[in-house]
Amino acid sequence: MPKRESIFEEGVTGAQKVAAFLSKAGVFYVGTTEENQPKIRAFSWYHYDEEKDQIVFSTGTFKNVFRQMQENPKIEIFALIGGYFMRYDGTFKYLDDDSIRKQVGQDSPGMKKTYQENGWTFAPFCLENGHVEIRYSLDPVEEFDV
């Protein structure tokens, strides 16, 4: 099967490639497991931290997805742009960081209001030891570590 050309600019980091793909996709899906059952849910918030060259995501500490990631930290993120798709797998790492929580609230004021009204807390996280695979239908495009 022929490999397609990269869809990214030359010289960008793996994390920058992931951020660009997520930006164009808009919505992406996070896969976890509970016992032996796969669980998939839609997310839309992420932040690219230039200083750390890191992609940060967020959920709520009260949500099942947060508990699932703590119990089995192997997760996968899936995003789709037309015929291109990205699979980004790695190990969940909770980032107990108020500056990230503040960023989530600034980017999502409606979500911030809902969380504040209910006494909920944002749970920022990233993936460690990440690996990304970009494909177009069956054709491989690019693979890299993040």
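**Entry 1: a word I need first**

I count two residues as in contact when they have heavy atoms within 4.5 Å of each other. With that rule I looked up Val 104: leaving aside its neighbours within four places in sequence, Val 104 is in contact with Trp 45, Ser 58 and Phe 122. I note for myself that this is a predicted model.

Where does Val 104 sit? I found Val 104 in helix H3, which covers residues 98–107. Is Val 104 buried or exposed? Its relative accessible area is 3%, so I wrote down Val 104 as buried. I also checked a distance: Val 104 and Ala 123 are 19 residues apart along the chain, and their C-alpha atoms are separated by 9.8 Å.

**Entry 2: stepping back to the whole chain**

Next I listed the elements of the protein and got four helices and eight strands. Reading from the N terminus, I wrote the order as α-β-β-β-β-α-β-β-α-α-β-β.

How far does the C-alpha trace span along its principal axes? I noted about 50 × 35 × 25 Å. Then I looked at the radius of gyration, which is 16 Å; a compact globule with 146 residues would have one near 15 Å, so the two agree.

I looked up burial as well, and buried residues make up 40% of the 146 residues. The accessible surface comes to about 8400 Å², and 46% of that belongs to carbon and sulfur atoms.

For contacts, I took those between residues at least 6 apart in sequence and found that 64% of them join residues at least 24 apart. I counted charges too: there are 17 positive and 23 negative side chains, and the centres of the two sets lie 5 Å apart.

I picked Tyr 88 in strand E6. Tyr 88 has a relative accessibility of 1%, so Tyr 88 counts as buried.

Which residues is Tyr 88 in contact with, leaving aside its neighbours within four places in sequence? I wrote down Val 18, Phe 57, Ile 75, Glu 76, Ile 77, Leu 127, Gly 130, His 131, Val 132 and Val 146. I took Gly 130 from that list for a distance check. Tyr 88 and Gly 130 are 42 residues apart in sequence, yet 6.6 Å apart in space from C-alpha to C-alpha.

**Entry 3: the end of helix H1**

Now for Ala 25, which I found in helix H1, residues 14–25. Leaving aside its neighbours within four places in sequence, Ala 25 is in contact with Ala 79, Leu 80 and Ile 81. I looked up Lys 39 too: it is 14 residues from Ala 25 along the chain, and the C-alpha atoms of the two are separated by 20 Å.

**Entry 4: aromatic rings**

A reminder to myself: a pair of aromatic rings is described by the distance of the centres and the angle of the planes. Rings pair if their centres lie within 6.5 Å, and I counted 15 aromatic pairs.

One of them is Phe 92 with Phe 125, a tilted pair at 5.5 Å centre to centre with 45° between the planes. Why does this pair tie together parts that are 33 residues apart in sequence? Because Phe 92 lies in strand E6 (residues 84–94) and Phe 125 in strand E7 (residues 122–136). I checked burial for Phe 92 and Phe 125, and both are buried.

Then I looked up Tyr 115 and Phe 122: their ring centres are 4.3 Å apart and their planes are at 20°, so this pair is stacked. The cut-off I used for stacked is planes under 30 degrees apart. Tyr 115 and Phe 122 are both buried.

I also traced a cluster in which ring pairs link Phe 28, Phe 43, Tyr 46, Phe 57, Phe 66, Phe 92, Tyr 94 and Phe 125.

Most residues other than glycine have a negative phi. That made me curious about two residues.

Asp 53 is not a glycine, although its phi is positive at about 50°. Where is Asp 53? I found Asp 53 in the loop between strand E3 (46–49) and strand E4 (54–60). Its relative accessibility is 29%, so Asp 53 counts as partly exposed.

Asn 129 is not a glycine either, and I noted a positive phi of about 50° here too. Asn 129 is found in strand E7. With a relative accessible area of 67%, Asn 129 is exposed.

Key:
Residues are numbered from 1 along each chain as its sequence is written. This is a predicted model: local features need pLDDT of at least 70, side-chain atom pairs count only at pLDDT 80 or more; totals for chains, interfaces and linings use all residues. Side-chain values use heavy atoms; hydrogens and water are left out. Helices (H or I, at least four residues) and strands (E, at least two) are DSSP runs, numbered from the N terminus. The radius of gyration is taken over C-alpha atoms; the globule rule is 2.2 Å times the number of residues to the power 0.38. Buried means under 20% relative accessible area, exposed over 50%, partly exposed in between (1.4 Å probe, protein chains only). Accessible areas come from the Shrake-Rupley method with a 1.4 Å probe; for residues, only the protein chains shown count as cover. Lys and Arg count as positive and Asp and Glu as negative; His and the chain ends are not counted. The place of a charge is taken as NZ of Lys, CZ of Arg, CG of Asp or CD of Glu. Rings of Phe, Tyr and Trp (its six-membered ring) pair if their centres lie within 6.5 Å; planes under 30 degrees apart count as stacked, over 60 as edge-to-face and the rest as tilted.
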